Structure formats: C-alpha cells, structure tokens
Amino acid sequence: MAAAATIGVASTATAATLCDQMPTDRTPMTNATNQAAETLEETTKTTKRTPSQRSNYIQATSPDELMKAATATELPIEETRFNEAAHKARRHAGGLKLFSGNGNMALSLEIAKTLGLNLGKATVGRFADGECNVRILENVRGKDVYVVQPTCPPVNDNIMELLLMVSTLNRASARRITVVIPYYGYARQDRKMQARVPISAADVARLLEAMGVDRVIAVDLHCGQIQGFFGPRVPVDNLDGGIVGIDHFGGKDLHNPVVVSPDAGGVYRAKKFKEGLAYKYDMDDIGLAMIIKQRARAGTVDSMDLVGDVNDCDCIIVDDMIDTAGTICKAAAVLKEKGARRVFAFASHGLLSGPGNERIAASKMEECVILNTIPSSPQREANDKLVVLSVAPLLAQTIFNVHAKKSISALFK
C-alpha cells in the first residue's frame, strides 16, 4: 500500500523505477489496466446516444425562420402583428411603377400593356397662367419608378414636365428614377459649329442630372457622344431602333438591296442596319452607299453627290430622324436618277415639321417607315406612303431587363 501511494505522487521517471523494483506487483496492475480499457471500448461500441444526449450545435437562422419559430407566448400580440406587417412591406418594396407625361400618352399606354401594368396615377396639367401642374397621386416610397416622356414638340413644355416629374418623385422618396426618352430633344446641338452658340444637348443632360435622374433610356440618339454628357453615375442606354425596321424590311422581296446613308455621319448607322439584315435574313449581297450633301443653311440642302452604285437596286435610306423631309426626299430623287429600282426610307423619329408630311406624300419613295417615338396625327395617318411601326415592345423589354438586372445588349443579338 505504501508503494502504491508513492507511485501516485511520483514523477514519470520515479514511477518507472519503482515499477522495476516490484516485479510481483506489475502483472496485476497491467491486467487491471487492460481490462478497464477493454471494458471502456466495448461500452463505446455498444452504447448509442439518443438525440437528446447529442451535442447541440449553433446553426445560422434567417430572420424569417425566427419569426415562424416564435410563439404567441414568446412575443406580445402587438409585436407579432408589427413584425408581420414589416415582413409584408419588405416583400412588396422596390416594385416597378410606370408614369407618363403628356409627350406621348399612346406609347406609354402601349408599354404599360406590354408589361402588364397600369400607368401610375398622376396629374400633369397646366395652371391658369400656363405653368406646369405636376402631382403624383399614389405612393412611390421605395419604388423603382420609370417615367416615359419624349421631349418632342412642344419641346420646352415636355422638358419642363419631365424635370418637374423627376423632382416630385425624388421628393416623394422614390428608390430609383429612370427616365425613358424615346426622342431626345435638342440632340442636334451637340457641339459648337460656330462662335457664341450653346451646346444644348449637354445642357439638357445637366438639367436632368441636377433633378436627380438615376438612369436614362433613349432610342437612337442623334449622336453617340450625348451619352457622355451625363456623368458616370447616370448610365445611358441608347437603344437601336433599327432592329424594329430590320424586321419590317426583312419580310419584303428586295431585289439587289442597297442600304444608303443620307450623309457621312450616318454611315455607321447604315452599316449596322445592313449587317442586321444580312445576319437575320441571310442577305449576303446587300450593298452600302452614301450621299454627300452640302447645306446652304440649316434645313436647306444645296447639293448632293452619290458614292456607290445603285443601278437596278432596291434602296433603303436609313437615318435617325426626318424633320422637314427635305433631305430624304431629295436623296430619293438622286437615287432614282442614278437608276435605282425602288426607294424606301427608314427613320426612328418622324418629326415631319412644316411641309414634311406633304413632301413625303409627293416624293419618289415607295414607302417611308418611322417609329412611334413621336405621337401621330390625322395628317400622318392619311399619308399612304407613311408607315408607323411600334417601338413599345422594345422599350417594354428594356424596362423589364433593367428592373430585373438583366442584360440589355442581349436584345440586339
């Protein structure tokens, strides 16, 4: 017994020495230790812990699961109702709202119908003295709001409506405001061509940015650099309206088709139109031509020269807009003089200011195709040579993709 007590308090070296000195006691101790180890191993193998005996590990739990797990005894009734209301509000927050000014109500209604939405309730009118009267008649707090408003004639009235609508929505705590501008007014004043003139396209961009616009969606800007007039915090999506015209002309029986640009600045646009036709409708023999024009003054063309061969060809003049129609009608006459078989025209924006509609009706064009970025009129509808295509499906799909954080470039592939 004394030896056993000494072993219990001695160090490892001392214990080994004592064990060597007691050969008679070594065997019983070893056997007892082995028996205890075997008994423990058998117990471990045969014993199974119940779920209640197992260790409980901390697991990550979402707030929704915690809400479901909470019982009436754990939370007061008022707090439970408040949490349920907050959860419902979070689920419906960030919804899409679509509003429109008076610029092109028909297009806005068509976009809303394509999206399966109702236009937001708003008052956009005039006071007795002619000032704009804007009032949003529904809650937009935390919503993604899209405002459809082309800045077409009357340009200044439509721009002011758009600016005040954006300001009103910002003051009403909208989460994000995207302006959809099918036609961007003042786009042709994009640089200083002479002394003491404004760069109006940049000034309009600054006005929109100052009002707090978060994104801009436009159709066929007159020049691509307008996108750079907005700061880096306001992305601009410049949609190619030519994709709508490609589907229209792709279904026609064209003979030796040639795409014609009415000026040097529109060659890239005409080239994209040509490539779209060739890719989508397997037209490998499409030609490309260009007309060089000299202007006497704004709105008046002095002379035109054709670069390219259009003899016995069906020509498609592609431009971004038709204002007074003087350029495009004279271009059609030049193409006919050079031996063109038929002449068509396509433009995204049909302003048709002044005598534009009458000039197209009396021109040598077979057909003039425009998009409905600008509201129509009875005079236009009476023109047999004028064909209006809808850009609403393209704009509706773009709005959906922006809201759903999907690619927009995929729409043009």
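Tutor: A polar atom of the Asn158 side chain lies 2.6 Å from the backbone oxygen of Cys152. The model is predicted, with local features needing pLDDT of at least 70 and side-chain atom pairs pLDDT 80 or more, while totals for chains, interfaces and linings use all residues. Residues are numbered from 1 along each chain as its sequence is written, and side-chain values use heavy atoms, without hydrogens and water.

Student: What makes the 2.6 Å pair of Cys152 and Asn158 a polar contact?
Tutor: The cut-off is a pair of N or O atoms within 3.5 Å; within protein, one must be able to donate a hydrogen and the other to accept it, and residues adjacent in sequence count only if both atoms are side-chain atoms. The pair of Cys152 and Asn158 stands at 2.6 Å, so it falls within that limit.

Student: Why is Asn158 called buried?
Tutor: Its relative accessible area is 4%. Buried means under 20%, exposed over 50% and partly exposed in between, with a 1.4 Å probe and protein chains only. So Asn158 counts as buried.

Student: Where is Asn158, and which residues is it in contact with beyond four places in sequence?
Tutor: Asn158 sits in helix H7, residues 155-171 (helices are DSSP runs of H or I with at least four residues, strands runs of E with at least two, numbered from the N terminus). Beyond four places in sequence, Asn158 is in contact (heavy atoms within 4.5 Å) with Asn102, Gly103, Gln149, Pro150, Thr151, Cys152 and Pro153.

Student: What is the peptide bond from Pro153 to Pro154 like?
Tutor: It is cis, with omega near -5°. Pro154 belongs to the loop between strand S4 (144-148) and H7.

Student: How do you know how H7 and H8 are oriented to each other?
Tutor: The axes of H7 and helix H8 (residues 200-211) cross at roughly 20° and come within 9 Å. Axes are lines fitted to C-alpha atoms, for helices over the stretch in contact, with angles from 0 to 180 degrees between N-to-C directions. Under 35 degrees counts as roughly parallel, over 145 as roughly antiparallel, 65 to 115 as roughly perpendicular, the rest as oblique. H7 and H8 are therefore roughly parallel. Ile159, Leu162, Leu163, Val166, Ser167 and Asn170 of H7 meet Val204, Leu207, Leu208 and Met211 of H8. This contact of H7 with H8 divides into eight nonpolar, two polar and no charged residues. Here Ala, Val, Leu, Ile, Met, Phe, Trp, Tyr, Cys and Pro count as nonpolar, Asp, Glu, Lys and Arg as charged, and the others, Gly among them, as polar.

Student: What makes H6 oblique to H14?
Tutor: The axes of helix H6 (residues 105-115) and helix H14 (residues 392-403) cross at roughly 55° and come within 9 Å. That angle makes H6 oblique to H14. The residues in the contact of H6 with H14 are nine nonpolar, one polar and one charged.

Student: Why are H9 and H10 called oblique?
Tutor: The axes of helix H9 (residues 242-250) and H10 cross at roughly 50° and come within 10 Å. H9 and H10 are therefore oblique to each other. On the H9 side the contact includes Gly242, and on the H10 side Gly276. The contact of H9 with H10 holds five nonpolar, four polar and two charged residues.

Student: Is Gly276 buried or exposed?
Tutor: Gly276 has 17% relative accessibility, so it counts as buried. It is found in helix H10, residues 267-281.

Student: Why is Phe99 called buried?
Tutor: Phe99 has 0% relative accessibility, so it counts as buried. Phe99 is found in strand S1, residues 96-100.

Student: What is noted about phi at Asp312 and at Lys405?
Tutor: Asp312 is not a glycine, yet its phi is positive, about 55°. Lys405 is not a glycine either, and its phi is about 60°.

Student: How many of the 413 residues count as buried?
Tutor: 39% of the 413 residues do. The protein has 14 helices and 14 strands.
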